[in-house]
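Me: Please take a close look at one part of this model, starting with how its two elements lie against each other. Then set that part beside the rest of the structure.

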Amino acid sequence: MSRLTIKADIDKVLDGIYKDTERKIIGNQPGLCPVDLTLTYLRISHAQSCGKCVPCRVGLGQLANLLEQVLDGKATMRTLDIIKETAQAIVDSADCAIGQEGARLVLKALAGFHDDFVEHIESRHCISRHQFPVPCVALCPANVDVPGYIALISEGRPDDAVALIRKDNPMPAACAYVCEHPCELRCRRQLIDAPLNIRGLKRFAVDNAGDVPNPPCAPATGKKVAIVGGGPSGLTAAYFLTLMGHKTVIYEKRHQLGGMLRYGIPAYRLPREVLDKEIESILSVGIEAHTDVNIGEDITFEKLNAEFDAVYIAIGAQSDRKVGIEGEDAEGVMSAVELLRGIGDGNHPDFTGKKVAIIGGGNVAMDACRTSVRLGAERVYCVYRRRIEDMTALPEEVTGAMEEGVEMKTLYAPVRVEKDEEGRVAGLAIQPQLSGEYDRGGRPRPTKASLPEEVLDVDIVIAAVGQAVDSETFANAGMSVKWGNIVAGKDGSVKEYRKVFSGGDCVSGPATAIKAIAAGKVAAGNIDEFLGFHHPISVDIDIPAPKLKNRTPRGRINITGRDSEERAGDFKDIECGLTCEGASIESDRCLRCDYFGYGVFRGGREKKW
Amino acid sequence: MVNITIDNIPVSVPEGTTILDASRQLGIEIPTLCYLKEINEIGACRICVVEVEGHDTLVPSCNTPVEEGMVIHTSTPRVRTSRRVNLRLILSQHDTNCTHCTRSGNCRLQSLANDYNFLGEHYPRELAVDKEDFKNPLIKIENRCVKCMRCVQICQEMQTVNIWDLIGTGSRTRVGVSGAADIASSLCTYCGQCITHCPVGALQERDDTGKIFSALADPETVVVAQIAPAVRTSWQEYFGIDPDQATAKHMVTALKMMGFDYVFDTDFAADLTVMEEATEFIHRFTHKDQYKWPMFTSCCPGWLRFCKGQYPDMVDNLSTSKSPQQMFGAIIKTYFAEKMNIDPKKIFVVSIMPCLAKKEEHLRPGMDAAETGHDVDVVITTRELVRMLRGERINPALLERTPFDVLIGRGSGAGVVFGASGGVMVAALRTAYHMITGKNPDVDAFQVIAGEGGRKVATINVPGAGDVRVAVVSGLGNVRQIIEDIRSGREHFDFIECMACPGGCTGGGGQPIHDGEELAKVRGDILWNIDKNSNMRFSHENPQIMDLYNNYLDEPMSEKAEELLHVDHHTWAMPGMKK
């Protein structure tokens, strides 16, 4: 008998199964029954039990039995009380995290999906349905026909792919470059290997398409619609309303159209020629656009309301928020919004030799960081109270910034801006933090660490801590405003004015381009109905048949970046799109959920809306 | 053309052909279960899977189009194993108590299971615990449902009523009623098309044969049967007899053998309906501004439920004439009872119908002209009739012909075509033309609306009245489409025949089931042939109809006729809706 032996490795097969399961859970299709899923995950916890303590060994199993009764329609409301009591007792009395966390999951589900539990008991039905045959389409706010355009790309038809996207989203190019691609989140392909590179494929289509003509407009209806704000939401609404035969007029406060796509997103992420071409294409359907017109100053809202048959307010969320620290009035402190807006109109400040600190961890903060690098800054710091993994910016933005030399000062809270005698920024005092307990959203709250304050030697401080809506004009006109955001229904309607609709960032608060586009589409459809019409929007493109030989696991083909040193010196596109070869292989990975599975049964395609 | 090889046989088939169809062209039979051509091609059951060289997985043949150079094997060890496993899995959740199932012997699952020679069970039984509701005309038996989704597709795509849907997710996914607690509280039209397209016995009519046997056993009760036109086209199918050898008169013999006291032909009541409805149409047509247009026929109870459930604002467009079944019930318990000196309370009227919705219609308010409870006491479908014959060991092939009973027994050729799509309109036009012009039209003048098709339209010129724009629609999806066309102003009609079942009553939800076959047309042709060979082809020339008016009703739409033969459609409501 040896005194010690070398431990065996973790079983490789089992380890592989764990990793597969992780992916499969992320690949859960939208619309599943939360009670059923809770039961499934509870069983995982029960299988983890060592079997020593009663609450875990017996309790988790009995919880599973009770949940099964709920699912089988055999439970009463009393069962719910027993489930709650049992789960709480297991949380309170199990010896270790296995039992405690297994039961906590049930408590969370009970609170979060109360209606689902009750429906199972009272009507013996499940509220959940497979309403969403195609996960990527279900998760795209604008309902873009993803499998359709991927199939077209696979057949070498980028022009048709662009035309198909435009049926739901008139800004395929902007989205090809900057969309956060929620479509990839639940892509069924990750059950096999990894989600499809949907944005990469869209970019391939956009980059390789010629001039794709827009569909003809419906006969003129004689109705006039005013669009306040020429950002993605306003442009989208104007595009669809014009196709529907209505006369649309955009009023844009700034000098150029594009909204945050121009005044928020730097050119290295969305090249200006791409944006300009897209806006030109949208306007070409016959939209009238006036820039440098501020509604509320140059034209009153009342006048718009009187002169137009309907109004769509999509003014975005373009004012900045302050950090709220001492010394923020120093010369050299600016907001990311201010910096990026100036650049949008071609005013590039010179940061040569300057040391810059950006405060914030979102995408705008990354834009400010990477823009500062390109403006010649000697050093760029990103000061953030939490950890890198807690940042709300897309991971590729964060790595991109780091590759370009941005220093991540994470777990530091800004305390004050130090000034020199002339009132200019002399440094940024920052306090080390520790990652703390989770907040309600499941992100760890930073807490002050018992370490001394430090001072970053910087000349410029840029705050990227959120944006606000400048909604005063509309609040004064009597519209409801909540925390500065205009209050509008899910259909875009504004309750105080029958003919007024609103959507995009000014309603939701700062969000993504695709959500703004979706809001514009929703508003267009509902304005059309409000005006007494029902113009369907459709496109006549045949979708290629699915291929049958693509189920073998293989690597996802990613978009590559230009060399970091080279790209950090200019404002040109940082990405290299997929090659023809890459796009062909990647598009063939699509599992065609529009056809297989539920798609063939329920119809995986909305041909018109 | 696409060149492929199936089981080592090279073949060229048109592009878009499925592997299943290509195989069938070669005489290679691939088994299917959920597949229903053009209606349900969703690859749910995975019984029809085949092996395609170069593909990792098996593919369903029912919805996979052939590709150039495909090499297909329809029966390999992998295919065989998958088919057997999938069949066993379906059977593990299926109540295999076949002896208690009406579809035994006519069940796709049963025949597949028999063909695959299963010995022993591999899986534990997983039967659902749902309580069945046997009170409704339409019954769903959860433990028999194989989730093939055919009923969902039929109800949504063909009938556009959306009663059935998939409920729940994951392992508990099942077919259930969409948007209502159960069938009884849903807007189901009881068209019964889900039953006739179910591959197994999961969907059924309520069996009412027991009530008939009880009535027959009671010597005090006078049991009277009426036989709908479409029943004579299909009742013999189970016995494998030519329809010429098993006519309505053979059916009279069979019913008399069972003990029915009187057997009548619903064709007579169809003639009566024609008299009333044609008169009503002429009245409306000459008082156009007082009525809503177009006028709809009202003899199909499934269509009435559809109209009341989906387009309640159009109920006044419906003719107020009762259906032939209900007119007959009223006449038997009044005129016939009076003439024969029988207490109407002792009369038990049985309707033999190709229809499920008739089981609901006879219970509606206003269907009690003789104040005996219900003018029609029990409605059975053709399928139930066949089951009665089988139980009574009556083989139609061995029967003599017996004429229908007198007084109200005869129907015209116009009455008999009520059972086929277009028949009501043709019959009504024949008589309306006569009523307006005083002359009979060419009897075959309206045959343009008699043929095939879900929507048939014609403009009929009636001298003295002008052009009458008529339409004949069958299948509720087609009905919805024409109503939408009318409401949007795209189409204009004066008179429309609406039937819930595609092809009319011959394709009715109470008709015998032949999986994968649509027989409405074939059976309809039998009726049109009876009409063609009839020596009486106009309802208004039926002497017994003339007697009925002369001796009892006075004239169409007289006070007495209104009382017995017309109904206020506002006296009842669909579940959850106002009257």
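Reply: Helices H2(A) and H3(A) are roughly antiparallel to each other (an angle over 145 degrees; under 35 is roughly parallel, 65 to 115 roughly perpendicular and the rest oblique). The angle is about 160° between H2 (residues 34-48) and H3 (residues 54-71) of chain A, and their axes are 10 Å apart. Axes are fitted to C-alpha atoms, for helices over the stretch in contact, and angles between N-to-C directions run from 0 to 180 degrees. Helices (H or I, at least four residues) and strands (E, at least two) are DSSP runs numbered from the N terminus.

The model is predicted, with pLDDT of at least 70 required for local features and 80 or more for side-chain atom pairs, while totals for chains, interfaces and linings use all residues. Residues are numbered from 1 along each chain as its sequence is written, chains are lettered from A and ligands numbered from 1 in the order written.

H2(A) and H3(A) cross in the left-handed sense (the near helix is turned anticlockwise from the far one by less than a right angle; clockwise is right-handed). On the H2(A) side, the residues in contact are Val35(A), Asp36(A), Thr38(A), Leu39(A), Leu42(A), Arg43(A), Ser45(A) and His46(A). They meet Leu60(A), Gly61(A), Leu63(A), Ala64(A), Leu67(A), Glu68(A), Val70(A) and Leu71(A) in H3(A). This contact of H2(A) with H3(A) has 9 nonpolar, 4 polar and 3 charged residues. Contact is C-beta atoms, placed from the backbone, within 7 Å; Ala, Val, Leu, Ile, Met, Phe, Trp, Tyr, Cys and Pro are nonpolar, Asp, Glu, Lys and Arg charged, the others, including Gly, polar.

Another pair in chain A is H8 (residues 146-154) with H23 (residues 580-588), at about 135° and with axes 8 Å apart. H8(A) and H23(A) are therefore oblique to each other, and H8(A) passes H23(A) in a left-handed crossing. Here Ile150(A), Ile153(A) and Ser154(A) of H8(A) meet Ala583(A), Ser584(A), Ser587(A) and Asp588(A) of H23(A). The contact of H8(A) with H23(A) holds 3 nonpolar, 3 polar and 1 charged residues.

Chain A is assigned four parts: domain 1 (32-122), domain 2 (137-213 + 542-602), domain 3 (224-318 + 469-530) and domain 4 (321-467). These bounds come from an automatic or database domain assignment. The centres of domain 2 and domain 4 of chain A, taken over C-alpha atoms, are separated by 34 Å. Their contact takes 8 residues from domain 2 of chain A and 7 residues from domain 4 of chain A. The domain 2 side of it has 3 nonpolar, 3 polar and 2 charged residues.

Between the chains, 19 residues of chain B are in contact with 19 residues of chain A. The chain B side divides into 8 nonpolar, 9 polar and 2 charged residues.

Within chain B, H8 (residues 266-286) and H14 (residues 423-437) pack at about 55°, with axes 9 Å apart. H8(B) and H14(B) are therefore oblique, and H8(B) passes H14(B) in a right-handed crossing. Among the residues that meet are Val274(B), Met275(B) and Glu277(B) in H8(B), and Thr431(B), Ala432(B) and Met435(B) in H14(B). By class this contact of H8(B) with H14(B) has 11 nonpolar, 2 polar and 1 charged residues.

Chain B also has an open sheet of 5 strands with mixed pairing, in the order S2-S1-S5-S3-S4. S2 (9-13) and S4 (59-60) of chain B are its edge strands, each pairing on one side only. S1 (residues 2-6) of chain B pairs with S2(B) in the antiparallel sense over 5 bridges (pairing needs at least two DSSP bridges). Thr5(B) has Pro10(B) in S2(B) as its bridge partner. Helix H2 (residues 77-92) of chain B packs on this sheet, touching S3 (49-52) and S5 (71-73) of chain B, and its direction makes about 160° with that of S3(B).

Finally, S7 (residues 164-167) and S8 (residues 174-177) of chain B run antiparallel, joined by 4 bridges. Leu166(B) has Val175(B) in S8(B) as its bridge partner. S7(B) and S8(B) form a hairpin with 6 residues between them, and Gly168(B) in the turn has a positive phi of about 80°.

Definitions and conventions
Two residues are in contact if their C-beta atoms, placed from the backbone, lie within 7 Å.
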